[in-house]
Amino acid sequence: MHNYSNNKMQDAQGIRNISNNSCRQLLLGVIGSLAVFCSTGNMAMDRITGAAFASRSEVYAVNGMAATSQPLATQVAVDILKQGGSAVDAAIAANAMLGLVEPTGSGIGGDLFAIVWSAKEQRLYGLNASGRSPASLTLEMLKAKGLEHLPPYGPLPVSVPGAVDGWYELHDKFGKLSMKDNLAPAIHYAREGFPVSELIAFYLARSGDKLAKYQGFKETYMPGGRMPAVGELFRNPALANSYEKIAKGGRDVFYKGEIARSIAAYMQQQGGYLSYEDLASHKSEWVEPVSVNYRGYDIWELPPNGQGIAALQILKTLEPFNLKAMGLDSAEYVHHFVEAKKLAFADRAKFYADMDFAKVSVASLISKEYNYARAKLIDADKAAASVEPGNPNLLHGDTIYLTTADKEGNMVSLIQSNYRGMGSGMTPPDLGFVLQDRGQLFDLTPGRANSYAPGKRPFHTIIPAFVTKDGKPWLSFGVMGGATQPQMHAQIMINLIDFGLNLQEAGDAPRILHTGSSQPTGEQMTDGGYISLESGFSMETRRELMKKGHTLSDSLGAFGGYQAIGVNVESGVYRGASESRKDGQASGY
């Protein structure tokens, strides 16, 4: 998809060059008083802003808007808004659809996080709907199996799926339509079928190679013995049945009823540890979002066990520097960004965890004083090979993102995931979904913040974001993609605030991805890691980065999936943007 997007931009540039040559030839042939004016600035195919990387315009609407990574999910969300549903109703409907049409990144076997702007109360709410590890599985048992890390697939990395409880927590507080209404579109498409899109077909094929060996997976996702191809109608009647049971029986049918018993029996059969009691005791947690002010804008994330505050640390570390003067396509900007990321991720590796087990002072981590001090560690001319975490007295003693907005001014920033693509491969029979493998992110070294423990939430990569200005909503956005997410959250903000790009351009702009920082699972950075740059960065920038000691990768990288809705509170007009590297769409009415 990355190559396809770049080819489209290159083809468009080629058309512009041909058009310019034609204009010049025409001008040379003009006789007498005939005057012909040609310029690329007047060509209809160009974005009027002139940004070479811009893929399309922002989308504008007044009554409501949705931006998701799949057009059918966006359309379902807008339909729910038109029926009088709230932004939360639309988000739930879209999430349910994505669990069907984009099972490579989402589903009710996974977890959920959300930030909601309440127009009535003029405040933000945060929801942590992530599940915990099995109570019957201990660190000693895992070490006795000879494991240094939890495996990515199979029964061991499975933790309690929190998404369904998250839906009901959101709905109980902010929903207007019934859950039957919200789930009806996904149920319809699950029974009648939907055509598989190009990008999802690619990822489905990759998942099939890894997960087909697990009982229940082929029966659900490989009808006829193979994964569905591009444009092929795919049906998931088992998921339709599960959605119908949830709509009728509520969250309890999933955690204490028929679905819970099916999951528990299957996991026991597969040699897993997730039990009925683990499911029955699950509960989401309402949390207070945390923020930093970056050049006049308040950027909001959720506190750990997620990694959202890494984006805040990156931004505060970069705030002392004049990024606008450096420019987007410059070695100075890329270098400073990567070095700030290394510093934030060193703290991420040591301190981010389930706060019920590791008492992290989030206020210290994201403070101006701490991150400005960390900024002084950046050498303007040399890449750091290794980075130590800070000491702010911290200790006491593949994913989908969507955003929606309604005519009352409520906005939802929601992210949901199975973690690694389609998850663990554990597919309970006749339920239509795969259980997540989020437990793989636990550290199996004793005594660390993210060390495995029974009933503990693992470190999480999925993070929603929100921005306010002068206490009013300004932007709901997110970028799916593992450890990519805080890097891209920071880059979106820099693109908007420092470089003055519009909402769509901020997502289209070429991205920086640094890989190889110290990890919450215990691996340490010793060689500086490596940088993947999208094709919009010049050869001069790349050469200068190598002179500073950076290693550049030929890898295309995993540059994430962006969705955003901005709002003008004075006019009530929404503007939307969707990721050009994905299948997605922003739409309103």
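Which residues does S413 touch, not counting residues up to four places away in sequence?

Modeller: This is a predicted model, in which local features need pLDDT of at least 70 and side-chain atom pairs count only at pLDDT 80 or more, while totals for chains, interfaces and linings use all residues. Residues are numbered from 1 along each chain as its sequence is written, and side-chain values use heavy atoms, with hydrogens and water left out.

Leaving aside residues up to four places away in sequence, S413 touches F113, A114, I115, Y401, L402, T403, P464, A465, S476 and F477; contact here means heavy atoms within 4.5 Å. S413 belongs to strand β11, which spans residues 411–417. Strands (E, at least two residues) and helices (H or I, at least four) are DSSP runs numbered from the N terminus. With a relative accessible area of 0%, S413 is buried. The classes are buried for under 20% relative accessible area, exposed for over 50% and partly exposed in between, using a 1.4 Å probe and protein chains only.

Two of these neighbours also meet the side chain of S413 through specific atoms. The side chain of Y401 makes a polar contact with that of S413 at 2.7 Å, and the backbone oxygen of A465 is reached by the S413 side chain at 2.8 Å. A polar contact is a pair of N or O atoms within 3.5 Å; within protein, one must be able to donate a hydrogen and the other to accept it, and residues adjacent in sequence count only if both atoms are side-chain atoms.

UniProt, in an unreviewed entry, lists T399 under "active site"; its positions are given in the numbering used here, feature names are shortened, and annotations may be inferred rather than shown by experiment. T399 is found in the loop between α17 (368–375) and β10 (400–405). Because its relative accessibility is 3%, T399 counts as buried. Apart from residues up to four places away in sequence, T399 touches G105, I415, Q416, S417, I462, M480 and G481.

A93 is placed in helix α3 (residues 87–101) and is buried, at 0% relative accessible area. Again not counting residues up to four places away in sequence, A93 touches V76, I80 and N182. The C-alpha atoms of A93 and M179 are separated by 8.7 Å, although these residues are 86 residues apart along the chain.
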